[in-house]
Amino acid sequence: MAKHKLAQFQENLSFAHLIQPSFDEVFGCDYHLKSHWAEKVFKNTNPIVLELGCGKGEYAIGLSEKFPQKNYIGVDIKGARLWRGAKTVQEMNMPNVVFLRSRIEFIKSVFANDEISEIWVTFPDPQPKRFKKRLTSSKFLNYYRNFLCDGGLVHLKTDNDMLYEYTHELVKYNNLKIRTSTPNLYAVGSEDEILSIRTFYESQYLAKGKTINYISFHLEKEKEIREFRP
């Protein structure tokens, strides 16, 4: 492992706003912050927004700057990526952003009923051969129903056409309410300042001439999501 990564991992341990539970703390049991994020971490009752597979946390940070009345949690398993986001939050003294280093498979152990108001999934691994591991599969959407407020929004931004089309068809198959859906976000001239936030990877994709897909939809708490297989 490169020396700079070792230094980053060591610095990660010093960040109060980077939470790194052990495997035993989240596997098959409830993490001690479950249902207590507002009270013990943010110390307010503002809505909490998740960025899943957050990488360097560009969306969580960008959203927090635009909407300081909300709290943001970026979730990723890669410590080196999270270091950059945590370092930025520390340097900018941002009280409403924290990061969680954990596998998203353990997400039900971390958040409680109605604890999250909104979810962003930004440029995840499309998992072309393993649909159950896609972060917008029925498996994960059913996980999200456990802690997302009823009717809460799920957003997906991706450069991968297959993942976008799969998610769009899954949402339609389950009769979920779509708020916005487009296979070419910037071609439609969106003036939504939220959608204009660009991650590191998104900037790279755009520089290569790739189009960006986007879909947002409402997830109903009492409606179990069925898998769609073409």
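The buried residues of helix α7 pack against α6 (138-145), β6 (148-158), β7 (178-182) and β8 (213-219). Here contact means heavy atoms within 4.5 Å, and buried means under 20% relative accessible area, with exposed over 50% and partly exposed in between (1.4 Å probe, protein chains only). Helices (H or I, at least four residues) and strands (E, at least two) are DSSP runs, numbered from the N terminus. The model is predicted: local features need pLDDT of at least 70, side-chain atom pairs count only at pLDDT 80 or more, and totals for chains, interfaces and linings use all residues. Residues are numbered from 1 along each chain as its sequence is written, and side-chain values use heavy atoms, with hydrogens and water left out.

The buried residues of α7 are L163, Y164, Y166, T167, H168, L170 and V171. How far apart are the end C-alpha atoms of α7? They are 18 Å apart, which agrees with the 18 Å that the 13 residues of the helix (residues 161-173) should span at 1.5 Å a residue. The expected span of a helix is 1.5 Å times one less than its number of residues.

Beyond the helix, N174 lies in the loop between α7 and β7. N174 is buried because its relative accessible area is 1%. A polar atom of the N174 side chain lies 2.9 Å from the backbone oxygen of L170. Leaving aside residues up to four places away in sequence, N174 touches K223, E224, I225 and R226. N175, which follows α7, has a positive phi near 55 degrees.

Strand β6 holds V154 and H155. V154 has a relative accessible area of 0%, so V154 is buried. Residues up to four places away in sequence not counted, V154 touches I119, L148, I215, S216, F217 and L219. V154 and F217 are 63 residues apart along the chain, yet their C-alpha atoms are separated by 5.5 Å.

H155 counts as buried, at 1% relative accessibility. Which side chain makes a polar contact with the side chain of H155? That of E118 does, at 2.6 Å. A polar contact is a pair of N or O atoms within 3.5 Å; within protein, one must be able to donate a hydrogen and the other to accept it, and residues adjacent in sequence count only if both atoms are side-chain atoms. Among the residues that H155 touches, not counting those up to four places away in sequence, are W120, R179 and Y214.

Two loop residues come next. D114 is in the loop between β4 (97-101) and β5 (116-122), and its phi is positive, near 65 degrees, in a residue other than glycine. With a relative accessible area of 40%, D114 is partly exposed. F123 lies in the loop between β5 and α6 and has a positive phi of about 50 degrees although it is not a glycine. F123 counts as buried, at 11% relative accessibility.
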